[in-house]
Each structure stands twice: as C-alpha cells, then as structure tokens.
Amino acid sequence: MRTLHLGVLLALAWTILALTFLHLKAKAYGKRRLFSKPAGDPAQGAFYAFTKGMAPWAKESVMMNLPSYAAGMVFHAGVFTGFGLLLLALLGLQLPSALLAAARLLALSGGFAGFSLLLKRCLNPQLRGLSCPDDFVSNLLSSAFALLAFLGSFGAAAAGIWMTEAILLLVYAPLGKIRHCVFFFSTRYHLGAFFGRRGTYPPGGSSHA
Amino acid sequence: MPELDELESRLENLTAADFQRGLEVFRSKLKEAEASFLNSCVHCGLCATSCHYYRMDSTLENIPAHKLELIASVFKRNFTTMGRVAPGLVGAKPLDKDMARAWVDSVFGRCSLCGRCSVNCTIGIALPRIFRAARAALGAMGLIPSDLQATVDNALKHGNNMAMTRQDWVETVEWIEEELQMETGDPEARLPLDKQGAKILFTVNPREPKFFPLSLQASAKVFWAAKEDWTMASDPGWDLTNYGIFNCNDEQAGAITQNLVDAMERLGCKTLVIGECGHGYGAARWEGPEWLQKGYPFEVKSILELMDEYVRDGRIKLDPSKNPIPVTLHDPCNLVRHGGICEAQRRVLRKAVTSFTEMTPNREHNFCCGGGGGQLAMARYKGRRIQSGGMKAKQISDSGARIVVAPCHNCIDQLMELNKEYKLNVQIKTVAEMVAEALVSNA
C-alpha cells in the first residue's frame, strides 16, 4: 500500500506540473491589447460568469437538457469527493461517520452519473460523432475513480485498486480533455471579461446601455 | 453554381504553401483567451440546441461543438504535444483539402457568428472568436466565398459596399431632403452634407439610400425634431457597413474603418453616430480600434443611444397613440449580445408605441435572424439561411405582433425574406421609423 501511496503522490506531482505547464503555455500566447473604449467592467462580467451566469436558468441549453446537466453536476461532485477521500486516505485520516456516509453517497452517485453519461455518449449517434477516443477514456477513468472511491473507502481490499486507478487518472488528466479542470476557469474568465467589457454582462447591470 | 465550382476549384488547387500560410494566419489570431477556448471543449453537446442552424436542421454538422472541433482538431495537430504524439487519441487532424472544405462549409456555411452558443456553453467558450480565426485562415488560403469578398472589395474601391457613386449618393440625399421638407412643412429641414464642425457625423447603411430612403428620412426627421447639429459625408466615410468583420481580414477591415476616421477628422465632428446596423455598430464601435491598433480621438454611439437621450432629455416628444399596431423587437446579435446595446431601444419603443411585446427569448439570449455573419452576401448558402431563420420566424409569430422593429438593415433584409417564406404577414421597420411616426409635431 505504501508503494501505491507513493505512486499516487508522484502521479499527483506529474498532474500538477503538467497542468501548470499547459496553463503557462496558453498564457504564453499573450494578452490581446484592446484599444476600444470599454462600455462596462470586465471584472464584473467575469464575476457574473462565475456566479449567476452559471445558474441552470441562465442557460437555455441547460434548461432544455436538465437530466444530462444534473448527471454532469453529480458526476463532477462525485469525482471531487473521490479526491477528497483519496487525500484523507493518504493522510491516514477518517471522516466522522455521518460525513463519511454522505461522501460515500456522493462518490457512488458520481460514479453512476459518470457511467450514465458514458453510456449516453456510446448510444447517442450525434454524441458519438462529436467524440474522439479521449472522450471515452477520460469519462471511463473519472467515473471508475468515483465508483472505486466509494468502494475503497470501506477498506484495504478495494483501496489498492482505487489507488491504482487514481494513478492512472492523474497520469492521464493533463493528456486529454480532463485538462478542462484548469482551462474551465480561464475560459469562463475570458468569456465573462469579454461580455463585461462590452456591457452585456451582467445583464441589467449599471453599464447596460 | 459557378460560385460552387469556383470555390471547389480553388480548394483543389491548394498547395502546401497555401496550407502553411493558412496555419500561420490562424496561429497569429490566437491569444491567451483563444488558446484556453481551444483546450476547453468537453464535447458535452449541450450547445446543440442553442444554435438556430441546429434547431431547424438537427444534424451533427450544425452542432456548435462539432464546428469547433473541426478547428480544434487542426489546432491540436499543429500546436499541441499530444496532437503530435497521439493524434488518434485526442482527435488531432491535419489541415488538408478535406479539412479546408469542411472549415469553409462550417464557418461560412453553418455559422452566422451570432455567439448564442457562447452564452449557452457550459464551459463558456466564445466560439465565434475561434470561427473568426478560421475565416481569417481561409482568407489567407484564398477561400473566402467570392460574393462575400466582392462586398469588401466594393467598400475598398468605392468607399461603400454597394458601389454607389458620389453623385448617386449626393442626389439621393438631396431628394430625401426635399421629401423631409415636404413632410415636416419646414423649408429649413436639412440633410446636411459635409457640414464642417458639426457635432455629429451620421453614417448609414448604403441599403438606405439605395432601397430604403424612408429609413434615412426617418432618422433625419428625428434629428430635425431634436434640433441636432449633424452632418453626413459626401465622400467616403458615410457608409457604416464593414464586411471586413465577416471575411475576417483585419487589414481590409481596418482600411474600411479608416474611411470613418478620416471623415471625422476631415469634418471636425465630435461624435460618430452609427445608424441602425448591427454589424456596422460592432465594426465601428468595438472592432475598428482593434483593427487600427489605436483608440479613436472621438466618441462612437449608436443612433439608438442618441434617440434614447433625446427622449430622456425631452428633446423630442412622442405620442405612442400614433403607433397603435402591436410591435415586437428583434435584437441584432452584433448590437445586443456582442454590442451591449440592450435597453436603449426598448426605452425608446415603449415611449413610441402603444403595444410593445418582447420576443422570447430576447436580449443577449435572442436568436439570430439567420442573416448575420455575412450570410446575406453568400448566395451559395441561401437555403440554409432561410431555413435557419425559421427560429426567428417562430419567435415573431409567437409574439402576436404585426410590426417587427429591427435596428439593423442586414436583419431587415433577412426578415423581409422570412416574412415571405414563412407567411408572417408583418411589417418590418427600424426604431427611427417608429420614432419619426410618433413625433409630436414641432417637438
């Protein structure tokens, strides 16, 4: 188990380094110098993009696809919970039983939600058409990780498989689309800043012409 | 058909140097934001229903994420390590003839750059920014649809995109001035040309003098009522359109913008006022300074903002009972979602008409009419343009209004076609036309 713990830590270090490198590589493209006079505040736009702009009711695409959106949210919550449980396992700490039960439920639900999305990707011809192998690998690794986090939290038997899976997931994360765990934030910031500068975000805000 | 063959022939004759040039131009358009966007899509597909093309024709090719992936796959192949090491795994593909053909079909033929997918993307990818980079790359490879490029060439050669001669323009203005004098009963009512030192330089879409003189007359009547100190240019600098925003050639777009800057300097005006035109406002207000790589020494406003100020300051008085027919409002994407002008037109209309109904959805969530992104200038995609406009037609029909107000002449052209195609039986007008109608005489 010790070797696996070390493996997880090394994989984590790789992930952090590689994702940092990717982030810096994107930043190296440089900022666009803007000459037009702003109509609104980019910071306010970015704040809106990360807050009210992420609410389901702020996006028609979400309201029209609520089951998929909900599955996605639960999936992400499950994966993040899995990482929380992994950290506790590495530190040799345990959650109070009520909290542990909640975390297990989240990880289990996240795993199932992830596999439901994978199934949807396999069965829906248009989603299949949108996908490359990375989409399937990323989804499979993340869903399995959440599910194994649930199983691994019960004891050593499944913990070994869970740790191994964690290593695979962490090593793969920067290579494929899981890198969006970093780029989501910069992308959303740029969208919000763009619409904020033009006075479109926040809707109904003081800069709305 | 000749256009189809011509583009296909250009595709077939592409050389390695053409592809290299395309890639170089594509790369030059990418900054930190675009690099983030190209690394972010998770292919969830939820963006599909945000696109008017997809809503009217639910094929894979119309899903915004698919359009993005065509470009992202080339980005991965050429500018990322994983795309070079394991292209099959991450979907990286080379820019070859098939891919160039797919790009043309996608970014010119299936996208009006309306940006509705941006506000609906669960991640927040501003897709039109990437599509613009792809259009620029295709331009460098000689793959701009020729009728779209001809519109740009007209503006570069003649100073306006409809190749009107100076004489035609000036005579039309003089004729409209006579009409305005008759309408107002004021022999002093003017459409001033080249008035040195006027406060405002007003610019119009050449479609107004050419096909919609009443639209220009309405704007002039509003200025007359507000006792505005304004002028138009007789030389280049009177046309607000700039199709450089659609062929995405920044150099050409900048040269067209320069006409406006030169006219402002020549006439010594303080404020450049853009008539009712979505892309014209976006080009002059937002993109122009970026193309020219310098800020303007003057202010740029939409006529919508100006009319809003007139109403607010009591410079014009309106009687809504003069417009009793139910009205709805179309939100041009470049003016509203990408332009930030959301409320001014609403405040004005509420004062100018008796019955105003919003379309659903509206403002930054509006549907494109289908005519944006240069679609009206690309005959080869007319079928798709009319089909994709079905979403707007449904919105209009659902509103129950009998007049659709559209503060954009490109949108008006498209809405007129939709009116016929979908038998909407509505009138289509500009905001200024409604305001001019509601003016209380001698305001």
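**Figure 1. B:L201 sits opposite B:L272 of β3(B).** This is a predicted model: local features need pLDDT of at least 70, side-chain atom pairs count only at pLDDT 80 or more, and totals for chains, interfaces and linings use all residues. Residues are numbered from 1 along each chain as its sequence is written, while chains are lettered from A and ligands numbered from 1 in the order in which they are written. Strands here are DSSP runs of E with at least two residues, and helices are runs of H or I with at least four, both numbered from the N terminus. The view is about β1 (residues 200-203) and β3 (residues 271-274) of chain B, which pair in the parallel sense over 4 bridges; two strands pair if DSSP finds at least two bridges between them. Further along, look for B:T203, whose bridge partner in β3(B) is B:I274.

Figure 2. On the β4(B) side, 4 bridges join β3(B) to β4(B), and the two run parallel. Here B:I274 turns up again, this time with B:S302 as its bridge partner in β4(B).

Figure 3. Contact, here and below, means that the C-beta atoms of two residues, placed from the backbone, lie within 7 Å.

**Figure 4. Another open sheet of chain B puts its 4 strands in the order β6-β5-β7-β8.** Pairing is parallel in this sheet. Its edge strands are β6 (356-357) and β8 (427-429) of chain B, each of which pairs on one side only. Strand β7 (residues 403-405) of chain B is joined to β8(B) by 3 bridges, and the two run parallel. Within that pair, B:V404 has B:I428 of β8(B) as its bridge partner. Helix α19 (residues 344-352) of chain B lies across β5 (327-329), β6 and β7 of chain B, and runs at about 175° to β5(B).

**Figure 5. Helix α2 (residues 16-28) of chain B packs on helix α10 (residues 127-140) of chain B at an angle of about 150°.** Their axes are 8 Å apart. That angle makes α2(B) roughly antiparallel to α10(B) (under 35 degrees counts as roughly parallel, over 145 as roughly antiparallel, 65 to 115 as roughly perpendicular and the rest as oblique). The crossing of α2(B) past α10(B) is right-handed; a crossing counts as left-handed if the near helix is turned anticlockwise from the far one by less than a right angle, and as right-handed if clockwise. From α2(B), the contact uses B:R21, B:G22, B:L23, B:V25 and B:F26, and from α10(B) it uses B:A133, B:A134, B:A136, B:A137, B:L138 and B:A140. By class, that contact has 9 nonpolar residues, 1 polar and 1 charged (Ala, Val, Leu, Ile, Met, Phe, Trp, Tyr, Cys and Pro count as nonpolar, Asp, Glu, Lys and Arg as charged, and the others, Gly among them, as polar).

**Figure 6. Helix α10(B) also packs with helix α8 (residues 97-108) of chain B, at about 130°.** The axes of α8(B) and α10(B) are 10 Å apart. That makes α8(B) oblique to α10(B), and α8(B) passes α10(B) in a left-handed crossing. Pick out B:W103, B:V104, B:V107 and B:F108 in α8(B), which meet B:F131, B:A134, B:R135 and B:L138 in α10(B). The tally for this contact is 7 nonpolar residues, no polar ones and 1 charged.

**Figure 7. Chain A meets chain B with 50 residues from chain A and 54 residues from chain B.** On the chain A side, at least two residues each come from α1 (2-27), α3 (60-63), α4 (66-91), α6 (125-130), α7 (133-152) and α9 (180-197). Helix α9(A) gives the largest share of that side, 9 residues. The chain A side divides into 20 nonpolar, 18 polar and 12 charged residues. For orientation, chain A has 9 helices and 0 strands, and its C-alpha trace spans about 60 × 40 × 35 Å along its principal axes.

Terms used. Axes fitted to C-alpha atoms, helices over the stretch in contact; angles between N-to-C directions.
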